[in-house]
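Subject: Structure for you to look at

Hello,

Here is the structure I said I would pass on. Please open it first, then read my notes below.

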Amino acid sequence: MARFYPVGGSGGVSGSDDCTGTAAELLKGYTGILKGSDDEPVQGSLELTGNAQAAHVLNGETFYTNNAKSKQTGTMPNRGDYNGWGNSKGNDAGNQRMWVKVPSGYYNENANVFLSWEDIRNMAGITPEKIKKNEPIMGIIGSFEGYVAGPTDLYNRGQNPYNFTGTNVTNESGGLRFVGVKSPYGDSDFKIISSGAFNFVPYSKLRIWFLVDQIKHYSDSNYIFKFHIYNESTKIAEASFGGNLNTMYMMELNISSYAATSILQVILETEFYNDASGSDSDPTWSTSAFNGWIYQIAVA
């Protein structure tokens, strides 16, 4: 500790050479005879210039700022290896990130601030309808059974952007379902029509994925599946081929000569061979009531 003599005081036989303190170690505003002062009083130059506040210093720890006579105690919470929730959270979608505001205080490198799965789902907009059916993601089970319609799809397994509807037709998660087998006669006309217009100009092919799973009349040969496509009143194209029940096929129709934007009407017919007895006495084909699916309609 510096030895000093106040101005007007008596130094006895001791002088500045006997002192160990210097002006740099005496608080500013005080004078004293210090080492190297030639027994003359000098001004101290030591000055406290700290600017810490109690909230900046750990709770329970003491410190001085600019007053050597005023010891202060810190109030900053020492959260150490905190494991808890944030005060608030949110989704900064524009910058593709989420944020969490933590309680004030000091945290060490082992601290953890949690976001619940529910928080993340809510901020990211994750719902069961957006997740594949029966798939678990972040605490919820998916319920989505369909497909996502692409830019060349008019219809795709439940996704119906051009709103196809028809008699005896329901839009289900797996496709457009037609039930024509009824008592006593049933319906043989699987006809759907869109309410939205599609630009067919850039495309030359229309492709339809379908399946027939039941027919009212038995045939001892393959069945014939026929598609006819129209705009509101004019036939655009037609195509047919032979096939079996419970088999998915893709029918491709040539639309290269059709350059227009219009709604689309699709008609599917199924024909059976009249001579089911095998005698070939009536080697003709007739339409029959049937049940079936259209899974996808797309252009190429």
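**A buried asparagine**

Asparagine 291 is in contact (heavy atoms within 4.5 Å) with Arg177, Phe178, Val179, Gly180, Val181, Val212, Asp213 and Gln214, leaving aside its neighbours within four places in sequence. Asparagine 291 lies in strand S25, residues 290–299; helices (H or I, at least four residues) and strands (E, at least two) are DSSP runs, numbered from the N terminus. With a relative accessible area of 5%, asparagine 291 is buried. Buried means under 20% relative accessible area, exposed over 50%, and partly exposed in between (1.4 Å probe, protein chains only).

This is a predicted model, in which local features need pLDDT of at least 70 and side-chain atom pairs count only at pLDDT 80 or more, while totals for chains, interfaces and linings use all residues. Residues are numbered from 1 along each chain as its sequence is written, and side-chain values use heavy atoms, with hydrogens and water left out.

**Salt bridges**

A salt bridge is a side-chain nitrogen of Lys or Arg within 4 Å of a carboxyl oxygen of Asp or Glu. By this rule there are 8 salt bridges.

- Lysine 28 and glutamate 47 meet in a salt bridge (3.7 Å, N to O). Lysine 28 lies in the segment before S1 and glutamate 47 in the loop between S2 and strand S3 (62–63), so the pair ties together parts that are 19 residues apart in sequence. Lysine 28 is exposed at 53%, and glutamate 47 is partly exposed at 47%.
- Aspartate 119 and lysine 89 also meet in a salt bridge (3.6 Å, N to O). Aspartate 119 is in helix H1 (residues 117–124) and lysine 89 in strand S7 (residues 88–92), so this pair ties together parts that are 30 residues apart in sequence. Aspartate 119 is buried at 15%, whereas lysine 89 is partly exposed at 40%.
- Glutamate 238 and lysine 235 form a salt bridge with their closest N and O atoms 2.8 Å apart.
- Lys205, Arg207 and Glu252 are linked in a network of salt bridges.

Most residues other than glycine have a negative phi. Asparagine 163 has a positive phi of about 55°, and asparagine 168 has a positive phi of about 65°. Asparagine 163 is found in the loop between strand S13 (153–156) and strand S14 (169–171), and asparagine 168 is also placed in the loop between S13 and S14. Asparagine 163 is partly exposed at 38% relative accessibility, as is asparagine 168 at 26%.

Regards
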